[in-house]
Amino acid sequence: MAISLYYFESAPPARSVLMVIAALELKVDLIRINLSNKEQFAEEFLQRNPTHTVPTLDDNGFIVWDSHAIVQYLVDKYGRTDELYPKSFEERTRVNQMLFFETSILFPSLARAVRPVFYDNATAVPDNKIKNIEASFEFLETFLSVTNYLASNHLTIADICALSTVSTIQIFHQVNNVKYPKLVAWLSKLKSLEFYNVNLDGIQMFTDMFMPLLK
């Protein structure tokens, strides 16, 4: 049996897993779950993931959901080295710390910004939501003042997970290169890496879904 990933390309968490898969050069069967058509509520999918979220990984019957748990699992099990998710206690703790930041502060700043547009008929992202995004950018700039990447002086899964979120935010709110020069440089560096290409289709899909709703 092969590894299968249930995903929807417009979802940033799914794209973070796709980028890690590409970075690891893994062969994975991709199964698209169209959230717009509510396919995540199909009984077959709910049996795999009762929280009905993507991404969801099926590794020969072992099910993992939540993008952060998935990328940790993939690097631990299939990575040729531990560089993306170091086994050293101190280094791994730093990576986990940034993953928790991404899931508790950075990604919610995106989700809360787009929700009024997608679900409440807003025609602009509310100013207070933009302020939350800017606060997240300030944190990222501070982190990148200490190390070249978010958790280390080399690339880790923390960078890839944050990249999927920040690149999505850029669709409607650009990173100011005067206020956040280190964040802009980090983005440019990561976007030049080969695995970033798998992020592009999802970015375009999100753009096509979101931008026509703005006025």
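**Ground rules.** I number residues from 1 along each chain as its sequence is written. Since the model is predicted, local features need pLDDT of at least 70 and side-chain atom pairs count only at pLDDT 80 or more, while totals for chains, interfaces and linings use all residues; side-chain values use heavy atoms, with hydrogens and water left out.

**Entry 1, the sheet.** I began with the strands (DSSP runs of E, at least two residues, numbered from the N terminus; helices are runs of H or I, at least four residues). Four of them make an open sheet with mixed pairing, in the order S2-S1-S3-S4. Two strands pair if DSSP finds at least two bridges between them. At the edges I found S2 (29-32) and S4 (62-65), each pairing on one side only. Neighbouring strands are turned by 20° against each other on average, direction ignored. Strand S1 (residues 3-7) runs parallel to S2, and four bridges join the two. Ser4 stands opposite Asp29 in S2.

Next I looked up H3 (residues 67-78). Its 12 residues should span 16 Å at 1.5 Å a residue, and the end C-alpha atoms are 16 Å apart, which agrees. The expected span is 1.5 Å times one less than the number of residues.

I then checked how H6 (residues 157-169) meets H7 (residues 181-191): they pack at about 105°, with axes 11 Å apart. That makes H6 roughly perpendicular to H7, a term for angles of 65 to 115 degrees. Asp159, Ala162, Leu163 and Val166 of H6 make the contact with Trp186, Leu187 and Leu190 of H7; contact means heavy atoms within 4.5 Å. I sorted these residues into six nonpolar, no polar and one charged.

Last, I picked Thr93, which is found in helix H4. Is Thr93 buried or partly exposed? Thr93 is partly exposed, with a relative accessible area of 39%. Its C-alpha atom and that of Lys38, 55 residues apart along the chain, are separated by 36 Å.

Definitions and conventions: Axes fitted to C-alpha atoms, helices over the stretch in contact; angles between N-to-C directions. Parallel < 35°, antiparallel > 145°, perpendicular 65-115°, else oblique. Nonpolar A, V, L, I, M, F, W, Y, C, P; charged D, E, K, R; others polar. Buried < 20%, exposed > 50% of the residue type's maximum accessible area, 1.4 Å probe, protein only.
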